[in-house]
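Please read them with the structure open.

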Amino acid sequence: MRDESRLAHRGARRKRAVAAVVALVLAGLAGVTGCDEQRPAADRPRPRPAPMWDTSPRSIAAVGDSITRGFDACGVLIDCPQVSWVTGTDPKVRSLAQRLLKRPERGSWNLARSRARMADLPGQVDAAVRKRPELVTVMAGANDACRPSTAQMTPVGAFRESFAQALRKLRRALPKTQVYVASVPDLKRLWSEGRRNELGKQVWRLGICASMLSDPDAVDQAATDRRQRVYDRVVAYNAALKEVCAQDRLCRYDGGQVFAYRFTGAQLSPWDWFHPSVDGQRRLAELAFRRITAKS
């Protein structure tokens, strides 16, 4: 009887030990899978809030190409920054600066350059950073497609990387500055409208956007294919702008509105029938203003 009692006692102790081990294992698993549930709510990591888009920035810097410089809008083969869609002072345009800023003459800078391509944008951004604007507008890419031949158009990969580099530079220096990106215009649409004007076609022979505008009356297969290659490249450029901009929480792409805008003769320069006229600059300002001041 004594031996049986001793065996029963050992069995009970063994069961208690096994139960204790199981309890420890279960407690460990609970700690791994449910640690956040046991931490105080105040100690848990909180999601980083998205920055709010300011619909009324107090300063603007414009970077880009001849369109932003107002090229050929009020004179032959010259820049007319006074009618620029971003920083112009002409009341006929009602530029972004005039629409958004109380003192546009003190808080807006036109750093764009005629003939600039996307590869020039990082350098323009360096100049913009020194002004410390609250908004930077970007319109570039037409000159990357407007080359002496389609073979010389900027490759899409290089175009994308130059834009991404410019945006990285801006973001490192000015983390809170907002960016508005205008799409590249439909150059084929501009050819279709401008070719109706004999004077415009004479100016085109000086070499304006030869990849699209050379032999403007030719409609043979070779000319049609050439213009289609330029069109396709512009579409690809706009896809790259959209993709890169989407990765920055303070960047707004125009959704392709400039590309889709159906410019007519009234919105084209009366000297080259290709660049925006004063009225065309006004339309660009309207499109940008609506996108910049939209709630989302």
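1. Glu-105 is exposed, with a relative accessible area of 55%, where exposed means over 50%, buried under 20% and partly exposed in between, computed with a 1.4 Å probe on protein chains only. Its salt-bridge partner is Arg-103, at 2.9 Å from N to O, a salt bridge being a side-chain nitrogen of Lys or Arg within 4 Å of a carboxyl oxygen of Asp or Glu. Arg-103 itself is partly exposed, at a relative accessible area of 43%.

2. On provenance, this is a predicted model, in which local features need pLDDT of at least 70 and side-chain atom pairs count only at pLDDT 80 or more, whereas totals for chains, interfaces and linings use all residues. Residues are numbered from 1 along each chain as its sequence is written, and side-chain values use heavy atoms, with hydrogens and water left out.

3. The secondary structure comes to 13 helices and five strands, where helices (H or I, at least four residues) and strands (E, at least two) are DSSP runs numbered from the N terminus. Of the 296 residues in the protein, 48% are buried. Among contacts with a separation of 6 or more, 72% are between residues 24 or more positions apart, contact meaning heavy atoms within 4.5 Å.

4. The structure holds 14 salt bridges. One of them joins the side chains of Arg-69 and Asp-79 at 3.4 Å, N to O, and both residues of this pair lie in the loop between β1 (60–64) and α3 (96–100), ten residues apart. Arg-69 counts as buried at 15% relative accessibility, while Asp-79, at 31%, counts as partly exposed.

5. Within helix α8, Glu-193 and Arg-189 lie four residues apart, about one turn of the helix, and their side chains meet in a salt bridge of 3.5 Å, N to O. Glu-193 counts as buried because its relative accessibility is 8%, and Arg-189 likewise counts as buried, at 16%.

6. Helix α8 (residues 187–194) packs against helix α11 (residues 221–246) at an angle of about 135 degrees, with the axes 8 Å apart; axes are lines fitted to C-alpha atoms, for helices over the stretch in contact, and angles run from 0 to 180 degrees between N-to-C directions. That angle makes α8 oblique to α11, since angles under 35 degrees count as roughly parallel, over 145 as roughly antiparallel, 65 to 115 as roughly perpendicular and the rest as oblique. Leu-187, Lys-188 and Trp-191 of α8 make the contact with Arg-227, Gln-228, Val-230, Tyr-231 and Val-234 of α11. These residues divide into five nonpolar, one polar and two charged, with Ala, Val, Leu, Ile, Met, Phe, Trp, Tyr, Cys and Pro taken as nonpolar, Asp, Glu, Lys and Arg as charged, and the others, Gly among them, as polar.

7. Which helix is roughly parallel to α11? Helix α7 (residues 156–173) has an axis that comes within 9 Å of that of α11 and crosses at roughly 30 degrees, which makes α7 roughly parallel to α11. The residues in the contact of α7 with α11 divide into eleven nonpolar, no polar and three charged.
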